[in-house]
Amino acid sequence: MTDLHQIVSIDPKLCTGCRRCAEVCPVDAVIGEQNKAQTIDTSRCVMCGQCVLRCSAFLTPFDDQAENIAQIRMERGLPEDDRSILFAAHFRNDCGKVAQMLADKSKISMVQCAPAVRASIAEEFGLAPGTLTPGQLAAALRRLGFDFVYDTIFAADVTIMEESSELLERLESNENMPMFTSCCPGWVNHLETAWPDLLSHLSSCKSPQQMAGALFKTYGAEIAGKSSGHIASVSVMPCTAKKFEAGRPEMQTTGTPDVDAVITVTELAGMLKNKGIFLEQLPEEDFDTPLGLYSGAGTIFGASGGVMEAALRTAIAVTTGNEVSESGVVFNKTDEGVFRASMEVAGRKVQAVIVSGLANAAKLLDEVRAGKADFDFMEVMCCSGGCVAGGGQPKLLPGIDIEDAILRRRQSLHNHDKELPIRASHRNPSVKALYENYLEKPLGHLSHKLLHTSYGNKSGGHE
């Protein structure tokens with residue numbers, strides 16, 4: 001089982017007790033007095049990494065503790081040549097694990113990139129927030145040594161096929177309503193720890209990261225002519241909680257983890273720089289197919305509200321036959337971080353809610369618990385703004401307008417959606433081929449085996 005302490009930590013030797021981390025923690029998991037070292041209440045922590053982004057206490061060669069730098073790097077598992085700044089709040093570094101996997105020539109390496117990565121990694125190379133670099137990102141991963149450069153967005157399209165089918169099924173049966181999306185691991189962790197009685201409302205769909213990992217070691221392995229044991233599966237994520245998600249024991253379709261290692265945007269940037277690979281100097285290259293072909297709908301998963309919009313595009317097409325590039329549904333803000341809309345789906349009026357920021361979900365969850373919820377479908381993203389603001393994203397230093405930077409990252413994903421020739425998940429030809437040649441149908445027997453799971457203590461995966 002993944003050890004929570006190994007993923008997000010606060011170093012008491014470096015923490016100054018400024019409590020900026022406590023101000024941004026959505027679940028009040030940072031404990032401590034002002035001007036004293038802080039600790040993390042692991043029974044509440046959802047590993048979102050917002051404390052890491054906000055931490056301002058760090059060690060430099062000019063500090064009294066400078067002689068400890070080498071020791072701290074070793075304790076954190078950082079490579080000897082790593083020169084990143086040592087902040088008090090930090091997350092587990094998995095670059096060494098990925099480097100070992102790339103050096104193992106007995107395995108075929110497959111990597112996936114979350115949509116939000118392409119909207120932010122350029123910042124690590126001096127470019128402005130929101131600079132979109134999908135082509136250079138694919139080229140960089142190829143230069144780093146990956147055999148197959150795939151894309152999480154393909155799996156996001158598959159998620160829509162499964163999740164929209166699940167929603168239609170629940171609407172018809174009226175069981176376990178309202179339905180909650182399950183793409184965000186911080187949100188799933190919060191439900192498990194703080195609202196376990198509401199877990200039945202959570203979609204059984206794995207997140208796109210885990211769907212991709214399961215498909216890499218089955219469908220992808222068949223395409224590569226290898227067995228699942230010969231596949232090394234790596235993901236690049238904007239999110240620190242994804243490290244925990246990949247370590248959950250129920251995320252092992254073939255007996256080994258579907259995703260063997262997760263690195264964040266900042267970890268990938270560090271690996272590229274250490275190899276002398278500079279993103280901004282690379283040509284644009286395509287992701288490999290078939291598991292790297294994606295639609296605009298999957299692209300906007302990285303921005304809050306994107307999962308809902310993507311699901312609506314497919315739900316409208318499936319239930320009305322009206323193919324749309326955009327759903328046209330307008331969500332109106334009704335509370336802090338809460339947006340609502342109503343629409344016609346499968347012949348009935350459906351009320352939908354988008355929640356941006358975990359702390360904003362409590363009122364709605366209270367309504368569900370009391371049996372008074374007036375909505376049918378709810379998307380929750382732990383980080384305000386969505387994955388573009390995740391804890392594994394580039395740190396936005398003082399002097400940078402954080403809200404503006406997050407907005408630019410979000411906008412770049414929406415621009416990317418509009419540029420793509422296919423903008424609905426069910427129209428992705430690689431997704432069509434996946435179902436025609438392998439899965440047969442959404443919610444089918446093989447889909448359930450590979451792409452769905454259960455959450456909570458009964459699943460045996462989370463304490």
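**Aromatic pairs and other local features**

Reply: A search over the whole structure gives 6 aromatic pairs; rings of Phe, Tyr and Trp (its six-membered ring) pair if their centres lie within 6.5 Å, and planes under 30 degrees apart count as stacked, over 60 as edge-to-face and the rest as tilted. This is a predicted model, in which local features need pLDDT of at least 70 and side-chain atom pairs count only at pLDDT 80 or more, while totals for chains, interfaces and linings use all residues. Residues are numbered from 1 along each chain as its sequence is written, and side-chain values use heavy atoms, with hydrogens and water left out.

Me: What are the distance and the angle between the planes for Y219 and Y438?

Reply: A pair of aromatic rings is described by the distance of the centres and the angle of the planes. Y219 and Y438 are 5.1 Å apart centre to centre with 40° between the planes, a tilted pair. The pair links distant parts of the chain, since Y219 is in helix α8 (residues 208-224) and Y438 in helix α15, 219 residues apart; helices (H or I, at least four residues) and strands (E, at least two) are DSSP runs, numbered from the N terminus.

Me: Is Y219 buried or exposed?

Reply: Buried means under 20% relative accessible area, exposed over 50%, and partly exposed in between (1.4 Å probe, protein chains only). Y219 is buried at 9%, and Y438 is buried at 17%. Elsewhere, ring pairs join F148, Y150 and F216 into a cluster.

Me: Which ring lies under R118?

Reply: A charge sits over a ring if NZ of Lys or CZ of Arg is within 6 Å of the ring centre and within 35 degrees of the ring normal. R118 lies over the face of Y294, 5.2 Å from the ring centre. The charged end of K273 is likewise placed over the ring of F125, at 5.3 Å from its centre.

Me: Which residues of the lining lie nearest the centre of the second largest pocket?

Reply: On a 1 Å grid over the protein atoms alone, a pocket is an open set of points where a 1.4 Å probe fits, with protein on both sides within 12 Å along at least five of seven lines; lining residues have an atom within 4 Å of a point. Of the 17 residues that line the second largest pocket, D286, F287, L293, Y294 and L420 lie nearest its centre. Helices α5 (134-144) and α14 (402-419) each supply at least two residues of this lining.

Me: How many disulfides are there?

Reply: A disulfide is a covalent bond between the sulfur atoms of two cysteines. The criterion is a pair of cysteine sulfur atoms within 2.5 Å, and the count comes to 0 disulfides. For C51, the nearest cysteine sulfur is that of C21, 6.3 Å away; for C382, the nearest is that of C48, 4.3 Å away. C382 is buried, with a relative accessible area of 6%.

Me: What is the phi of N35?

Reply: N35 has a positive phi of about 70° although it is not a glycine. N35 is exposed, at 62% relative accessible area, in the loop between β2 (30-31) and β3 (39-40).
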